[in-house]
Amino acid sequence: MKYNRRDFVKTGGAVMLGSLAAPSFLDGVVNAANDKATGVAFAMNHFRVSEGDLKKVLAAALEKGGDYADLFFEHSYQNSVALQDGAVNRASSYIDFGMGVRVLSGDQTGYAYVESITPEEMIKAARTAARIADAGQVKTPVNLTESRVVNNYYSVKTPWDSISIQKKTPCLQTINDRIFALDSRVMKVNASLGDTTSHIFFCNSDGVMYYDYRPMATLGAVCIMQENGKIENSYAARAYRMGAEFITDDIVETIAREAVDKTSILFRAVKPKGGEMPVVMGAGGSGILLHEAIGHAFEADFNRKNISIFSDLLNKKVCDEHINVVDDGTIPFNRGSVNIDDDGVEGQKTYIVKDGILASYLHDRISAKHYGIRSTGNGRRESFRMMPIPRMRATYMEAGNVTEEDIISNVKNGIYAANFTNGQVQIGAGDFTFFVKDGYLIENGKLTQPIKDINIIGNGPKALADITMVGNNYQMDNGTWTCGKDGQSCPVTCGMPSALVSKLTVGGES
C-alpha cells in the first residue's frame with residue numbers, strides 16, 4: 001500500500017478533452033445555494049436512463065444466477081490551473097463518464113464497465129459480468145426505491161461550474177506574491193489549484209437507489225529558496241470536499257506562510273545518526289503512522305483472506321488501554337468523507353481500536369457478508385472502471401491526557417517527527433516505512449537541532465503496542481493525501497495528537 005501527499009491535482013484515467021470552462025476565484029461571484037434538484041430523478045435525467053432501463057440491466061446481470069448486482073454511474077469533471085515562474089501559464093480540464101456493473105455470486109465477483117451509457121451497451125456489460133460470476137440459476141431483481149442521502153457532509157455553496165477560470169488565477173498570483181514577500185531567499189514558487197465535481201448514481205438488486213454530488217478542491221504551493229548557494233524546497237497544501245467557497249484569504253495566507261516556514265527551517269537541518277530510538281510523532285500528519293502501521297492491516301479484505309497480521313486479533317488487546325483509533329467518513333467537508341460509500345452504504349464513524357482493543361475491521365459489502373455483520377461504509381473505488389474494496393476514509397487517533405511538552409521531556413535522546421511525505425506497508429508482515437521531511441533532535445528532554453530527509457521503519461503491531469504517551473493536542477492533517485491500493489487511488493486524510501513511540505528504527509547517518 002502506498003500513501004502519498006504531493007498530489008495537488010489528480011488526473012487518474014480520465015479522457016482529456018482540452019481546456020474547458022473551469023472554476024475560479026470569488027470576488028463578484030454570487031454564492032448559489034446548494035439547492036439543485038438532487039436525488040434519483042435528477043440522476044436518471046443526468047445520465048439519460050429510466051427505471052425500466054435499470055431493471056433490464058439488473059435482470060441481465062442476474063440472468064446467470066448471481067446473488068447480488070449493482071450499477072455504478074459516474075460523471076466527473078476535473079479542472080486545474082497552475083502557476084510557474086511568476087505567471088499562471090497552465091490550465092487543463094478532464095471529463096470522465098461511464099458506468100460499471102458488478103455481480104456477486106458466492107465468492108465469485110464479475111465486473112464490467114462501459115463509457116457509452118446506452119441500454120444496449122449496459123446490457124452487454126451486465127451479461128459480461130454475469131458470465132464471470134456464473135452461478136447457473138436466474139434471480140429476479142426487486143423493485144427499485146430511492147434511498148436519499150440523509151446526512152450531507154459536504155454541502156456546496158458555490159458550485160465549481162458556476163464560475164469561470166478567469167476568477168481562479170488571482171488566487172495563485174496572490175500565493176506567489178505573498179511567498180516572495182515573506183522571505184528574501186525565495187527564488188521560485190510553483191502553485192496549483194484543482195477542483196473535481198462528481199455526479200454519482202448507484203442502484204442495486206436489493207432495490208436501493210441513491211444519488212451523491214461529490215465536490216473536491218485542492219490548493220497547494222511549492223516554495224524554493226536559495227541561501228549561500230544551497231537550495232531547499234518544501235510545500236504546503238489543503239484539500240476539502242467543498243465548492244469554490246474553499247478559496248478564502250485565510251487559506252491563501254496559511255498556505256503561503258506554511259510553505260515558507262517549512263522551507264526555511266531546512267537550511268539549518270541535518271541528517272541525524274541512525275539507529276533504534278524513541279520517536280515523538282508530531283500532531284497532524286503523523287497520522288500516517290496509523291494509516292501505514294495499522295490502517296491497511298485493519299481493512300477487512302486482508303483479514304478475510306488471513307493476509308493481515310491482525311487476522312486473529314479481533315476483540316483482543318493490541319495497545320495501551322488509553323488509545324482509541326477511529327476511521328471516520330462523517331467529518332464535514334473532509335477529503336475522506338462519504339455521504340454514501342461506493343457500495344451503497346451510509347458513511348459512518350468506526351472505532352478500529354477502542355480502549356486498546358481491536359474493535360472492528362473496515363468492511364465493504366463482501367467482507368461484511370463474510371463476517372455476518374453490517375458494512376462499516378468503507379467500500380470505495382477510484383472510478384466506475386473499478387470494483388469497490390475496503391478503503392480508509394479519515395483515520396485518526398483520539399486525544400490523550402498529556403501535553404506535548406510532557407511527552408518531549410520524557411525523552412533523553414530521540415527525534416521529533418514533524419512533517420511527512422509518503423509511506424508504505426507490507427500487510428502480511430506488518431512492516432512499514434515512511435519518509436520524514438523534517439523534524440528535530442530531542443536531547444535531554446528538549447527540541448534542539450532541526451533534522452531532515454530521514455526514513456522511519458517499524459512493525460505495525462509493535463509500533464502500536466509501543467505507544468506509551470498520547471498528547472491532548474489532536475489535529476487533523478487536511479493536506480492532499482492520496483492512498484493507493486490494488487491499483488486504485490482514493491482521497492483520504494489522517495490525523496493524531498502528539499504521541500511517543502518508545503522504539504523505532506531511524507534511517508540517518510551511520
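The legends below describe close-up views of a predicted model.

**View 1. Confidence along the chain of the predicted model.** Averaged over the chain, pLDDT is 89, and 91% of the residues score at least 70. Residues 2-37 form a stretch over which pLDDT stays under 50, although the model has 126 contacts beyond four places in sequence for these residues.

**View 2. An open sheet of 6 strands with mixed pairing.** The strands follow the order β13-β12-β11-β16-β24-β21, and the edges are formed by β13 (357-358) and β21 (476-477), each of which pairs on one side only. Helix α6 (residues 288-295) packs on this sheet, where it touches β11, β16 and β24 (493-495), and the direction of the helix makes about 100° with that of β16.

**View 3. The pairing of strands β11 and β16.** Strand β11, residues 325-328, and strand β16, residues 394-397, run antiparallel and are joined by 4 bridges. Within this pair, D328 stands opposite A394 of β16. In general, the strands of a sheet pair through backbone hydrogen bonds, in either a parallel or an antiparallel manner.

**View 4. The second largest pocket, with about 500 Å³ of space.** This pocket is lined by 25 residues, of which L104, T109, R304, I366 and S367 are the closest to its centre. Two or more lining residues come from each of β4 (87-105), β5 (108-114), α7 (300-304), α8 (365-371) and β15 (389-390), and α8 gives the most to the lining, with 5 residues. Divided by class, the lining of the second largest pocket has 10 charged residues, 8 nonpolar residues and 7 polar residues.

**View 5. The largest cavity, with about 30 Å³ of space.** The structure holds 1 cavity of 30 Å³ or more. The lining of the largest cavity consists of L289, L290, A293 and I294, together with G460, A463, L464 and I467. The elements that give two or more residues to this lining are α6 and α10 (460-465), and the largest share, 4 residues, comes from α6. By class, the residues that line the largest cavity are 7 nonpolar and 1 polar, with no charged residue among them.

Note on methods:
Residues numbered from 1 in each chain as written. Predicted model: local features only at pLDDT ≥ 70, side-chain atom pairs only at ≥ 80, totals over all residues. Heavy atoms only, no water. pLDDT = per-residue confidence, 0-100. Contact = heavy atoms within 4.5 Å. Pairing = 2+ DSSP bridges. Axes fitted to C-alpha atoms, helices over the stretch in contact; angles between N-to-C directions. 1 Å grid on protein atoms, 1.4 Å probe; cavity = no way out; pocket = protein on both sides within 12 Å on 5 of 7 lines; lining within 4 Å. Points joined across faces, edges and corners; volume = space filled by probe spheres on them. Nonpolar A, V, L, I, M, F, W, Y, C, P; charged D, E, K, R; others polar.
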